[in-house]
Amino acid sequence: MAFATAAALTALVALIGCSGGSNAAGEKADAAAEGASEPVQLQIFAANSLSKALDEVQSLYTQNNPDVTFADTQYKASGELVEMLKAGSSADIFISASKGTMDNAVDGGFIDEGTRFDMFTNDLVMVTGESNTDIPEGLTLEEAVSGDYTICVGDESVPAGNYACQSLYTVGAYSDESGKGGEFTGAIADKVVLDTSVGNVCKHAESGDVDIAFVYSSDVYRFGGVKVLSTVPADTHKAIVYPAAITAGSENAEASKAFLDWAVSDPAALEIWQKWGFELA
């Protein structure tokens, strides 16, 4: 009898032990599941000129961080991207090609201002078609506005166009110092073509539609088909910076910050930016 009772007690203890182990294992599994990374998809609004470089950087980031993917990144003129935010389009990150455009996004309440920083710098250059030998290298602004050449610049929604008009103002060929809201004057009054993106501006020069186009130095890497005649003096226009920030409405702020931090510090990412002509600010 005593033996039977002892056996029963032993079995009961074993059963309790198994049950406890099972619960412990379950709790560990639940904890592991809770700690696992949740898939995140980031939506970026970025200036047109960043398209080739940013596509490569995003691809590299996803290779290293499989839980983070990117929605169809919207590459448009910076002003157009702000209008999209105003209209209710959602994004996690906004990278502008000008300080002024980012200021507009901040004023509209679309940006978490505490996350804003200057990401890149760029140069403004005058280009012509690769096969064009009629225009001398080293062309000056004064020579560009002599009336001997047709010109293409971006319209008011295109930051590169604003910078170009600021430079043209310094040689008396544009009427407003801000690079917006003015008119082309003097010998080029009827010789300027406007377009809605810096890419299109570059194509006008490549095709020979115009003699000279004002674009970013990075666009020469991005599009090809053109050659640089000269770099526009930096003191003729405002500093060209690309501010970046997380949007005020982002539901993925932590993942957005992690991506931006990585994008300006990872050696492989830095090589990509450099390859496409961007310098960290």
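**Entry 1: the whole chain**

I began with burial: 46% of the 281 residues of the protein count as buried (under 20% relative accessible area, with exposed over 50% and partly exposed in between, for a 1.4 Å probe and protein chains only). I noted that this is a predicted model, in which local features need pLDDT of at least 70 and side-chain atom pairs count only at pLDDT 80 or more, while totals for chains, interfaces and linings use all residues. Residues are numbered from 1 along each chain as its sequence is written, and side-chain values use heavy atoms, with hydrogens and water left out.

Next I looked up the secondary structure, which comes to ten helices and 13 strands (DSSP runs numbered from the N terminus, helices being H or I with at least four residues and strands E with at least two). Then I turned to contacts (heavy atoms within 4.5 Å). Of those with a separation of 6 or more, 75% are between residues 24 or more positions apart.

**Entry 2: the cores**

Which residues have the most contacts inside the largest nonpolar core? I found I212, F214, F259 and W273, in a core of 72 residues. (A nonpolar core is a set of buried Ala, Val, Leu, Ile, Met, Phe, Trp, Tyr and Cys residues joined through side-chain atoms within 4.5 Å.) I also noted a second, separate core of twelve residues, which includes V82, F94, V106 and A245.

**Entry 3: M126 and I212**

I picked M126, which lies in strand β7 (residues 124-129). M126 has a relative accessible area of 1%, so I put it down as buried. Setting aside neighbours within four places in sequence, I listed the contacts of M126, among them L139, A144, I212, F214 and L229.

**Entry 4: L85**

Is L85 buried or exposed? I wrote it down as buried, because its relative accessibility is 8%. L85 has its place in helix α3 (residues 78-86). Beyond neighbours within four places in sequence, L85 is in contact with F45, A91 and F110. L85 and I111 are 26 residues apart in sequence, and their C-alpha atoms are 9.7 Å apart.

In α9 (residues 253-263), I found A255, S256, F259, L260, W262 and A263 buried. These residues cover an arc of only 165° around the axis (taken from the directions from the helix axis to the C-beta atoms), so they sit on the same side of α9.

How do α2 (residues 51-64) and α9 cross? Their axes come within 11 Å and cross at roughly 115° (axes are lines fitted to C-alpha atoms, for helices over the stretch in contact, with angles from 0 to 180 degrees between N-to-C directions). That makes α2 roughly perpendicular to α9 (angles of 65 to 115 degrees; under 35 is roughly parallel, over 145 roughly antiparallel and the rest oblique). The residues making the contact include L54, V57 and Y61 of α2, and F259 and W262 of α9.

**Entry 5: helix α10**

My last stop was α10 (residues 267-275), where A269, I272 and W273 are buried. They cover an arc of only 100° around the axis, which puts them on the same side of α10. On the other side of α10, I found P267, E271 and Q274 exposed. The buried residues of α10 pack against α2, β6 (117-121) and α9.
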